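These are my notes on one structure, kept in the order in which I looked things up.

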Amino acid sequence: MRIILINPPLDSVIRDGHVDPVTSYLFYNSAPLGLLYIAAVLERRGDTVACVDAAAELLDIPRTVQRIVDFAPDIIGIGSTTVVFDGAVELAKRLKEALPAVPVVLGGYHVTLLPEEAMQHGCFDVGVIHEGEHTMLELVEHYEGQRALEDIEGIVYRRDDGAVHHTPHRKTFRKLDELPFPARHLLPPNLYKPVPVDEHAMPKFAMVTSRGCPHACAFCQKSRTGYRSRSPVAVVDEIEHLVRDFGVRDIAFVDSLFCANKRRVMAICDEIIRRGVKVSWTCSSRVEVVDKEMLQRMKDAGCWRTRFGIESGSDQVLDFISKGITKEKIRNAITWAHEVGLRPKAFFMVGHMPDTHETIQETINFAKSIPLHDVTVQINTLLPRTPQMEIWEREGEKWGRVINETTSEKSFWEPTFVPWGLEPDDLIRYHRQFYREFYFRPVTLARHLEGIESWRDVAKYVQASNLFSFLFYNAEKPSLGMVRNFVKTMVKGGEAQARAEAHEYVG
Ligand code: B12
Ligand code: SF4
């Protein structure tokens, strides 16, 4: 059969024809591996598969529809997260006009989390819950006339009377080594561009070595999703495939938690070293699962950065969001990572339910007090089916108010939930202030200067100046005034100055 798989267009492209700097860096800096895994199992079956990453190609709806029509598919698959779901709906509606006889299958996070709501739109024929490889194979058999829809586990569909029907839950697939490598040849590799501070060597590809997460952080949708991992040999086989067949020089392991199991991580590192694979890589971790021996082995095997979810610098907030870590554990892990040369990066959020002016400032101060090389800061957003959303539904008004019910591309960068005692503008201001106080310091600048080895490195910072001006000043484009302020702040080395100036630029 002919099957086309789509990463849907971005709202801002549909609406305005362009994207802002944050979206441009954070919404399509790596390939949609979920779609590519599905493509790979279909190709292995003998189907003819195409993949269109409309988000990365900045396609609007008509151009995406045209690409799909040109392919003349028998089945269309769309994978959607929550924040791009509106675009997925609009696309599916237009496809129902252009190709009314072709079934549209929806997969990915949003339909998994909110199946009833997703199927209400009437433009999707079937929704696939959770991981889709085996379900999609069975759906193709259904459309070939070999299998009844109601016999396929893990789907939702609308019955003739309009009611949404759920089939029984599909057992979690554990034998990840049996899956083929993602069909990366279906997408142009040069589409994906990392954020400048994450660009180490190009080409850089994403890869995933495990699925799910055993932890239960309150804001996260991967909370308690059952951890499974691939064997070290299979992992390094894929690394070699990327190096050999795509010339890859840097890999981002995008597992929810790459470092979940020390023995496995050590075995992967040993296998990379044993085979002499020449590649650098980065991965995600939690502070309490690493020790110095493990970090050193990772460094020896080519790791150049570890990413840690820290989220807050207040023990009380960390406790509330069930992060299961303390400031002491954070300090130890970040110090070890820095000492072995792993250039640690951390994720933080402002606007946690119990956040106050004091806890946010405590978080900013804490981030500056540990040897981090980079930070990503987002504004807390209540996503469906997270423990945090359950708290909101149970006792939300005790903690704050929701000022914007919709989740969109701007969520995480514009306030949607605001804790009592804070105003929406406070969150925007602290968000920018966090970046400015962290980056406008001689020590951070020095860490970045150490990483500059060529004119190409300089060029990547210049290219990203619009992202920096957005993060530091809430402005779409850099101006001379901003550069002057930056230099002034660096010369004074005064973080209070950075704090004061943050107010001037809140737009
Ligand atoms: C890598 C990554 C990215 C990459 C690539 C995204 C992509 N399209 O794959 C980039 C950097 C671009 C990205 C951006 C964003 N991300 Co992101 N990202 C991830 C991450 C870490 C890994 C995704 C991955 O490759 N998983 C491995 C593959 C194999 O699994 P999978 O994607 O789930 O795919 C399976 C199923 O979902 C299903 N499936 C998926 N698509 C389809 C399609 C069909 C037709 C079918 C049948 C099935 C199906 O089958 C797949 C194979 O089993 C996840 C967390 C995680 N560990 O999963 C967050 C995650 C997906 N991201 C998230 C978010 C919020 C974002 C951003 C909004 C940025 C931000 N503020 O954090 C943007 C939104 C981008 C967008 N276009 O929607 C959330 C999504 C929450 C939600 N409800 O939507 C997640 C879950 C993180 C989290 N813990 O909350 N992300
Ligand atoms: S934030 Fe990370 S550790 Fe916590 S539940 Fe999500 S994926 Fe797991």
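Is Leu-58 buried, partly exposed or exposed? I found Leu-58 partly exposed, because its relative accessibility is 32%; the classes are buried under 20% relative accessible area, exposed over 50% and partly exposed in between, with a 1.4 Å probe and protein chains only.

Conventions first. This is a predicted model, in which local features need pLDDT of at least 70, side-chain atom pairs count only at pLDDT 80 or more, and totals for chains, interfaces and linings use all residues. Residues are numbered from 1 along each chain as its sequence is written, chains are lettered from A and ligands numbered from 1 in the order in which they are written, and side-chain values use heavy atoms, with hydrogens and water left out.

**Backbone**

I checked Leu-58 for its phi, which is positive at about 55° although the residue is not a glycine. Leu-58 sits in the loop between strand E2 (48–53) and helix H4 (61–71). Helices (H or I, at least four residues) and strands (E, at least two) are DSSP runs, numbered from the N terminus.

Arg-385, also not a glycine, has a positive phi of about 60°. I placed Arg-385 in the loop between strand E15 (374–379) and H15, and noted it as exposed, because its relative accessible area is 53%.

I then looked at the peptide bond between Met-202 and Pro-203, which is cis with omega about -5°. Pro-203 belongs to the loop between strand E7 (164–166) and strand E8 (204–207). For context, most residues other than glycine have a negative phi, and most peptide bonds are trans.

**Ligand 1**

I listed 37 residues around ligand 1, with Thr-81, Thr-82, Tyr-109, Gln-221 and Ser-256 coming nearest; the criterion is a heavy atom within 4 Å. Next I took the polar contacts (pairs of N or O atoms within 3.5 Å; within protein, one must be able to donate a hydrogen and the other to accept it, and residues adjacent in sequence count only if both atoms are side-chain atoms). An N or O atom in the side chain of Thr-81 is 2.5 Å from an oxygen atom of ligand 1, and for Tyr-109 the distance is 2.5 Å. For Glu-133, a polar side-chain atom is 2.8 Å from an oxygen atom of the ligand.

Elements giving two or more residues to this shell include helix H3 (33–45), helix H6 (109–113) and helix H8 (133–143). H3 gives the most, with five residues.

Which domains supply at least three residues each to the shell around ligand 1? I got domain 1 (2–163) and domain 2 (193–505), with bounds from an automatic or database domain assignment.

**Ligand 2**

I counted 10 residues around ligand 2, the closest being Cys-213, Cys-217, Cys-220, Ser-256 and Arg-286.

**Cavity**

I searched the whole structure and got one cavity of 30 Å³ or more. A cavity is a set of points, on a 1 Å grid over the protein atoms alone, where a 1.4 Å probe fits but cannot get out, and lining residues have an atom within 4 Å of a point. Points are joined across faces, edges and corners, and a volume is the space filled by probe spheres set on them. The largest cavity holds about 40 Å³, and its lining includes Tyr-37, Leu-176, Arg-211 and Arg-230.

Definitions and conventions:
1 Å grid on protein atoms, 1.4 Å probe; cavity = no way out; pocket = protein on both sides within 12 Å on 5 of 7 lines; lining within 4 Å.
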